[in-house]
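Visitor: I have a protein to look at and some questions about it. Please show it to me.

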Amino acid sequence: MKKNKYILYTLIALFTLVFCLIECTGKGDFFIFFTASGDILKGEDVYQKSYVDGYHYYYSVFFGLILQMLAIFKFELAKFLWLLLNCVLFWHLFYLLSQHKLVRNLELKKQTIFLSLAFVFCFQFFRDNIHTSQITILILWTCVYGLICVFRGHGLKGAFLLALGINIKLMPIVFIPYLIYRGYFKEVFYVVLFLLVLLFFPSLVISNQQNILLLKSYWHIINPSNTNHVLDVDERSFHSLTTLLSTLFVENVPDKFALPLKRNIADVSLETLSKIILGVRLFLVALTLYFLKFSTLFKKQINNNSYLVEVSYLLLLIPLIFPHQQFYAFLFALPAMLLGLWFVFTKKITNYFFIGSLVFSILTFNIKFWLGQFNPYYEHYKLITYGALLLIPQLIYLRRIFNSNAILE
C-alpha cells in the first residue's frame with residue numbers, strides 16, 4: 001500500500017513539473033500580475049493602466065506587493081513558480097476531497113475509480129487555469145481550506161485564509177454572511193480584522209496616500225454598478241448571469257465575437273436589463289435561505305454533512321452572480337458537480353432527471369476539451385453558464401436528501 005502511494009505521488013510530482021514547464025512559456029495573465037506588481041512600486045495607478053491589448057489588473061494592492069517576492073527571478077522562472085504553487089494548491093484540494101468521510105467510507109477500489117473520474121471531470125478547468133496562469137485555484141483554496149479550518153476549530157487560521165481570498169479578489173465575501181448565519185461570530189470578527197490589516201498593510205511599503213488612492217481606484221474598476229458590468233459581453237469567453245442575460249434579452253449586444261446566429265429571446269433597454277439581472281441575482285442569493293433553513297439560524301452544523309450542500313451552493317454562486325467572469329472561474333462550480341457525482345457513483349440516487357442533468361453539466365464543463373473545434377458555438381450560447389445553472393436544482397434535491405439523512409445511512 002505504501003509503495004503504491006509512493007509511486008502515485010512520484011507520478012503526480014513528475015506530471016506537475018512537466019506540465020508547469022510546458023505552460024510557463026508565453027506571457028499569460030501572470031504577465032499582467034507581475035508587471036502591475038512592479039508598477040505599484042513605481043507609484044503608478046495600476047487600475048487605470050491597461051496591459052497586453054487593453055486588459056486591466058483587477059486584484060488587490062496587497063497581492064501586487066506580495067508578488068514582488070518573485071521579482072528577484074526572471075519572468076519565466078517567476079511564472080513557473082506561480083504555476084507550481086497553483087498546482088500544489090489544486091492537489092491539496094484533491095487531497096482534502098480524498099480524505100472526506102464520504103470518500104473514505106468507500107471501498108479502496110471504488111475510492112480509486114471515484115477520484116479518477118473526479119480528476120478527469122475537473123481537468124478542463126484545472127488546465128484552463130494553469131494555461132492562463134490565473135488566480136482562481138488560489139481563491140478556491142482559500143475558501144475551501146479556510147472554511148475547513150473554521151469548522152475544525154482553527155478560527156484564526158481559517159479567518160486569515162478567508163480574509164486573504166477576499167482581499168485578493170473580493171468574491172469569497174459571500175462567506176461572511178454565511179458564517180454569521182452559522183453562528184461563527186468570533187471567526188467573522190477575525191476575518192474583518194485581518195481584512196483591515198491586509199488593506200492597510202501596503203501603507204508600510206508605499207505611502208499611505210498612494211495606498212488610499214489605489215484603493216479608491218480599485219473600487220471604481222470593480223464597482224458592480226458600472227455599465228460595462230451590466231452589458232457584460234466585452235469578450236467572447238465571458239460567462240456568468242450578467243453575460244447570459246445580456247445575450248438573451250438584448251438583440252444587438254456589442255459583442256464583436258458573436259456568431260450570426262440568433263440567441264436572444266427579447267430586446268429590452270439597458271435599464272430594464274439591469275433590473276432583470278438584479279432580480280435574478282437577488283433570487284439566487286435569497287435561495288441560500290432554503291439551503292440554510294430558518295430553524296438553524298446561529299446554530300453550527302446541525303448535520304455533519306449538510307454544510308457540503310450549503311458551501312457548494314455558495315461557491316456556485318460566485319461565478320454566477322459576479323460580473324466579468326471568464327470560463328475558468330467556473331472552477332468554483334466543481335464542488336457542486338463532485339457532490340452530485342458521488343451520489344450517482346454510489347447509486348444512492350437513481351433519479352433519471354438528476355443523472356441526466358448532472359451528465360449535461362459535466363459535458364458543458366468539459367466539451368471544449370473533448371470537442372474544441374466547436375468552441376465558438378459553446379461560447380456564443382454561453383453553454384457553461386447553463387451547465388452551472390442546472391447544478392442548482394441538483395443541489396436542491398441533495399438538500400432534501402441530507403435533511404432526511406436516510407440515504408446516507
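Guide: Contact means heavy atoms within 4.5 Å. This is a predicted model, in which local features need pLDDT of at least 70 and side-chain atom pairs count only at pLDDT 80 or more, while totals for chains, interfaces and linings use all residues. Residues are numbered from 1 along each chain as its sequence is written, and side-chain values use heavy atoms, with hydrogens and water left out.

Visitor: Which residues does Tyr57 touch, not counting residues up to four places away in sequence?

Guide: Residues up to four places away in sequence are not counted. That leaves Ile32, Phe33, Ala36, Val46, Tyr47, Tyr51, Phe63, Gly64 and Ile221.

Visitor: Which residues touch the most other members of the largest nonpolar core?

Guide: A nonpolar core is a set of buried Ala, Val, Leu, Ile, Met, Phe, Trp, Tyr and Cys residues joined through side-chain atoms within 4.5 Å. Buried means under 20% relative accessible area, exposed over 50%, and partly exposed in between, with a 1.4 Å probe and protein chains only. The largest core has 127 residues, and those that touch the most other members are Tyr57, Phe175 and Met337.

Visitor: How many residues of the protein count as buried, in percent?

Guide: The protein has 409 residues. The buried share of them is 53%.

Visitor: How many helices and strands make up the secondary structure?

Guide: Both are DSSP runs, numbered from the N terminus: helices are H or I with at least four residues, strands are E with at least two. The secondary structure comes to 20 helices and four strands.

Visitor: How far apart are the end C-alpha atoms of helix H15?

Guide: The expected span of a helix is 1.5 Å times one less than its number of residues. H15 covers residues 306-321, 16 residues, so it should span 22 Å. The model agrees, with its end C-alpha atoms apart by 23 Å.

Visitor: Is H15 largely enclosed by the rest of the structure or open, and why?

Guide: Count the buried residues of H15: 16 of the 16. Therefore H15 is largely enclosed by the rest of the structure.

Visitor: How many disulfides are there?

Guide: A disulfide is a pair of cysteine sulfur atoms within 2.5 Å. For Cys24, the nearest cysteine sulfur, that of Cys20, is 8.0 Å away. For Cys122, the closest is in Cys87 at 14 Å, too far for a bond. By this rule, the count is zero.

Visitor: What is the relative accessibility of Cys122?

Guide: Cys122 counts as buried. Its relative accessibility is 3%.
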